[in-house]
There are 2 protein chains.
Amino acid sequence: MVSINHMKLAIAEAREASQMGEVPVGAVIVNSVNGAVLSSHGNRVESYKDPTAHAEILALREAARLMQTPRLKNCDIYVTLEPCAMCAKAISLARIRRLYFATEDRKGGGVENGSRVFSHKSCNHKPEIYVGIREEESQDLLRKFFKERR
Amino acid sequence: MVSINHMKLAIAEAREASQMGEVPVGAVIVNSVNGAVLSSHGNRVESYKDPTAHAEILALREAARLMQTPRLKNCDIYVTLEPCAMCAKAISLARIRRLYFATEDRKGGGVENGSRVFSHKSCNHKPEIYVGIREEESQDLLRKFFKERR
């Protein structure tokens, strides 16, 4: 079942990222068996000086470290923005059960937009996808962030 | 200019990965200004228990750490196998100048196959792509690895 609170935590991570000058995106990984939050992270590309330090990648790595396996079979991910192709493929490689995201990313997204990573025959694992949870809060954060920088 | 030796190093990384029970893929990142190798890595998904620990991601993170920036503008990457969508998008995000890969990956590749990450309008940065350097050596390693496991 979708948890509004897990997306609330992802939004809080996005807000914290924004305060650090990072594009406001947050991700939370939950063990669907017991509902426990395994990891939650905001975007850290600039602070970590790491092109791969998107919120989803950091959260996936942390959850895999905790579970001591690269395959997070019973886990769900909550993200405040449609994952890019890098993160979408990472979600597939990690065998994530469900992907919840708050709002679409027409420019940078790789799920419903751009390279549509899960829609190719060669994609071995496709999570169930749910869109639109706390959409306005995520959009507000992104709009505010980019407005301040233009 | 393409360096056969850089791909040779990538092949050596792939071979080492294979000896650890990892899918034999290796990646090397080179500063194109002075030809210096910044990082070289093999696949470590199983050993690190990290779904994102593909050779390319590990090499990109290490090079970015050394260069103290997430944007590796004057750098080239040598990979023994066509990058998957995760790694292709990471290469784009890192602003890598040139991508050299030894052989195509019809099943898992995301450059010439599958989600063709660089071919979408929304892809902000597309490296120059060169294919087929030391192709047979890479194919031999992969064939041997999968044959022993079937």
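**View 1. The hairpin of strand 1 and strand 2 of chain B in the predicted model.** In this hairpin, 5 residues lie between the strands, and B:Gly35 takes a positive phi near 75°. Strand 1 (residues 26-31) and strand 2 (residues 37-42) of chain B run antiparallel and are joined by 5 bridges. B:Gly26 stands opposite B:Gly42 in strand 2 of chain B. Strands pair here if DSSP finds at least two bridges between them. Helices (H or I, at least four residues) and strands (E, at least two) are DSSP runs, numbered from the N terminus. The model is predicted: local features need pLDDT of at least 70, side-chain atom pairs count only at pLDDT 80 or more, and totals for chains, interfaces and linings use all residues. Residues are numbered from 1 along each chain as its sequence is written, chains are lettered from A and ligands numbered from 1 in the order in which they are written, and side-chain values use heavy atoms, with hydrogens and water left out.

**View 2. The open sheet of chain A.** Its 5 strands have the order 2-1-3-4-5, with mixed pairing. Strand 2 (37-42) and strand 5 (128-131) of chain A stand at the edges with a single partner strand each, so one side of each lacks a neighbour in the sheet. From one strand to the next, the twist averages 15°. Strand 3 (residues 75-79) and strand 4 (residues 98-101) of chain A pair in the parallel sense over 4 bridges. The bridge partner of A:Asp76 is A:Arg98 in strand 4 of chain A. Helix 2 (residues 55-67) of chain A lies across strand 1 (26-31), strand 2 and strand 3 of chain A, and runs at about 150° to strand 2.

**View 3. Helix 2 against helix 3 in chain A.** Helix 2 and helix 3 (residues 85-93) of chain A pack at an angle of about 25°, their axes 9 Å apart. Axes are lines fitted to C-alpha atoms, for helices over the stretch in contact, and angles run from 0 to 180 degrees between N-to-C directions. The two helices of chain A are therefore roughly parallel to each other (angles under 35 degrees). A:Glu56, A:Ile57 and A:Leu60 in helix 2 of chain A meet A:Met86, A:Cys87, A:Ala90 and A:Ile91 in helix 3 of chain A. Contact means heavy atoms within 4.5 Å.

View 4. Buried means under 20% relative accessible area, exposed over 50% and partly exposed in between (1.4 Å probe, protein chains only). The buried residues of helix 3 of chain A include A:Ala88 and A:Lys89. Its buried residues pack against helix 2, strand 3 and strand 4 of chain A, together with helix 3 (85-93) of chain B. A:Arg95 follows helix 3 of chain A and has a positive phi, near 60°.

**View 5. The axis relating chain A and chain B.** The same surface serves both copies, as 100% of the contact residues of chain B recur in chain A.

**View 6. Two arginines of chain B with positive phi.** B:Arg116 is not a glycine, yet its phi is positive, about 40°. B:Arg116 lies in the loop between strand 4 (98-101) and strand 5 (128-131) of chain B. At 39% relative accessibility, B:Arg116 counts as partly exposed. B:Arg134, also not a glycine, has a positive phi of about 55°. B:Arg134 lies in the loop between strand 5 and helix 4 (135-148) of chain B.

Definitions and conventions: Angles under 35 degrees count as roughly parallel, over 145 as roughly antiparallel, 65 to 115 as roughly perpendicular and the rest as oblique.
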